[in-house]
Amino acid sequence: MDYMTLAKAYESIGATSKRLEMTDLLVELLLKTPKNEVEMVVYLTQGKVAPDFKGIELGLAEKLALKAIYEGTRVDEAKINEWWIKDGDLGSVAFQAVSEKKQTSLFTESLNVTTVFDSLLNIAKASGSGSQELKMKLFAKLLHDSSPVEAKYIARTMAGKLRLGIADMTIVDALAVTYAGKEDRDAVERAYNTCSDLGRVAGLLATKGLGGLSEVKLEVGVPLRAMLCERLTSIGEIIGKLGGECAFEYKYDGLRIQAHIRDGHIDLFTRQLEKVTDQFPDIVNMLAGAFKGKEGVVEGECVPVDVNTGEMLPFQTVSRRRGRKFELTSAVNEFPVMLYLFDCLFLDDRDLTHTPYPNRRAELAACISETERVKVSESMTTGDAADAEGFFDQAIERGAEGIIAKSVADDSFYRAGSRGWQWIKFKRDYRSEMSDTVDLVAVGGFAGRGRRAGAYGALLMATYNREEDRFETVTKLGSGFDDDMLAALPGLLDDHRLDKADRRVCSEMKPDHWFAPSLVLEVRGAEITLSPIHTCGFGVVREGAGLAIRFPRYTGRIREDKAPEDATSTDEVLAMYNLQLKKLS
Ligand code: ATP
């Protein structure tokens, strides 16, 4: 298929912000796509050339990217630089340059999806000496053969910033409609949650139909999407919801790790499925010593610890370590960690995701020989609220952030990728004024004044509305930033600046700068109020009003482990608001 067909589809998708329209446009595109190119089209539409866990990432230093645009078009370099300074968007620079391109040879090849995909893949994979030059040349060749619209999307993909605003779950919808039926959507999502590879799922569906998905199995080395929790605010209610008896575990406050172990080789993935094996050589060693099976997939929380006292330390200590790729040895010694394992998903040829939780727990206990630094999470099973309260108090005293209740029913399977009522968290914060901290996405910035002149003075923060797939503003955050964080903000945000609001951002406020949703910060507020200006849950509680968080304060924690779509949802803020009303009445 011509790449132009894809570029045109992206133009139409870019012109809508409605999820249903996007789905229809995707279905239209998939129907035009030959079966052998479906996998590539899905990766390209995600702005990738491979699933995240493979670590094959696109990107080229700004200077080289601009040089490639020059090499590919021979448009005056000064002009290219000028456009870059004005727009800061490689796509629009490439579009303008190709529009003015001088014809350097008589024939240019017309681009098809496979050629573009293969070139981008080669660019992403190139490494070692001379690789930058090779990347630059391959990119220049693509631009040389492009029309302006094609160049725009190739350059954005190349820069790792395609940003079509299509959530993975919208692609899942479109795949189900195109190759199966709407009613088979869950099967498609399940396959995606198991292999974390939407391109592969799409390829199987296109070539083999729904039956092809039976090939998707949990494999050691391929991360599955994490199972998540719901929340409730009373232990009695939790026990009731889970059928009168459940298991409680400490909720450790650290970094979630999914470890894949095979024949002595161990790989570690975060909740975002990023491979972090190289960043945690100590966990690899610790696990190698503790795991008694042949092969397995286990999950746990990596928590910073004071080796002198054995006490758990605040989570921030682990994140400091993650920034230090180049001084790893000293970081490993300076910020020691422990691993508390809480699940076992695969053990010696057996997929345990369809095994009930109590049996998985027993398998975990049997395959781990606890050491000083690797433990199985603290747990107790009860139907008695007073016992559970006592367990909660103990968890808090020992430095955990709360407890997680887990179903012990016959159907308490591991549900990859879903947030459900099988696991319910209960945290200390629910007892304070505003229940719980929230994780909000920065969508805009206000220029600072006085001491903050030249920096960001405050950020416009949003929740994620899952149904509508959009970000809704909920507060203006200016407190809680120390000097280090203020200095770090431009580095964290400037790369995501846009000249107008992102299509998925719904805002009545007009900040000085807009950002593509990316940075997620943890925020504590005093209370939730109705607001005429914020768009979070607009019109749900009262006509003409949304919800706002009063007196917000940054807690000091950047949620690097969360994608913007994992931020606190609009529904959660609505639930917190209702809870607050209940407390007051
Ligand atoms: P929060 O924002 O409350 O920290 P979250 O949004 O990161 O939570 P949740 O689904 O609400 O994610 O809570 C589950 C997280 O709690 C898991 O992703 C895991 O990192 C952590 N966790 C800590 N201890 C446990 C445990 N014993 N069992 C399961 N998850 C645990």
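The paragraphs below go through the cavities, the ligand and a pocket in turn.

The model is predicted. Rolling a probe the size of a water molecule over the atoms shows where empty space is left. Here the search gives 2 cavities of 30 Å³ or more.

Start with the largest cavity, which holds about 550 Å³ of space. Its lining is made up of 35 residues, and those nearest its centre are Lys251, Arg271, Glu401, Lys425 and Arg559. By class, the lining of the largest cavity has 21 charged, 11 nonpolar and 3 polar residues. Several strands contribute at least two residues each, among them β1 (228-231), β2 (246-251) and β3 (255-262). The largest share, 4 residues, is from β11.

Now turn to the ligand. There are 20 residues around the ligand, and Arg256, Glu301, Lys425, Lys427 and Lys562 come nearest. Lys425 is also one of the residues nearest the centre of the largest cavity. An N or O atom in the side chain of Lys425 is 2.4 Å from an oxygen atom of the ligand. For Glu301, a polar side-chain atom lies 2.5 Å from an oxygen atom of the ligand. Glu249 has a polar side-chain atom 2.8 Å from a nitrogen atom of the ligand. On its own the ligand has 610 Å² of accessible area, and the protein covers 95% of that area.

The second largest cavity has about 40 Å³ of space. Which residues line the second largest cavity? They are Leu26, Leu30, Val41, Val42, Thr45 and Ile171. Of these, 5 are nonpolar, 1 is polar and none is charged. The helices α2 (19-32) and α3 (38-45) each supply at least two residues of this lining, and the largest share, 3 residues, comes from α3.

The pocket is lined by 36 residues, and Asp89, Arg156, Arg163, Arg497 and Leu498 lie nearest its centre. Elements that give two or more residues to this lining include α1 (3-14), α9 (148-158) and β15 (497-498). The lining of this pocket divides into 17 charged, 12 nonpolar and 7 polar residues. Domain 1 (47-159) and domain 3 (437-584) each provide at least three residues of the lining.

How values were computed:
Residues numbered from 1 in each chain as written. Predicted model: local features only at pLDDT ≥ 70, side-chain atom pairs only at ≥ 80, totals over all residues. Heavy atoms only, no water. 1 Å grid on protein atoms, 1.4 Å probe; cavity = no way out; pocket = protein on both sides within 12 Å on 5 of 7 lines; lining within 4 Å. Nonpolar A, V, L, I, M, F, W, Y, C, P; charged D, E, K, R; others polar. Domains from an automatic or database assignment. Near = heavy atom within 4 Å. Polar contact = N/O pair within 3.5 Å; in protein donor to acceptor, adjacent residues only side chain to side chain. Areas by Shrake-Rupley, 256 points an atom, 1.4 Å probe, with all protein chains shown as cover. Points joined across faces, edges and corners; volume = space filled by probe spheres on them.
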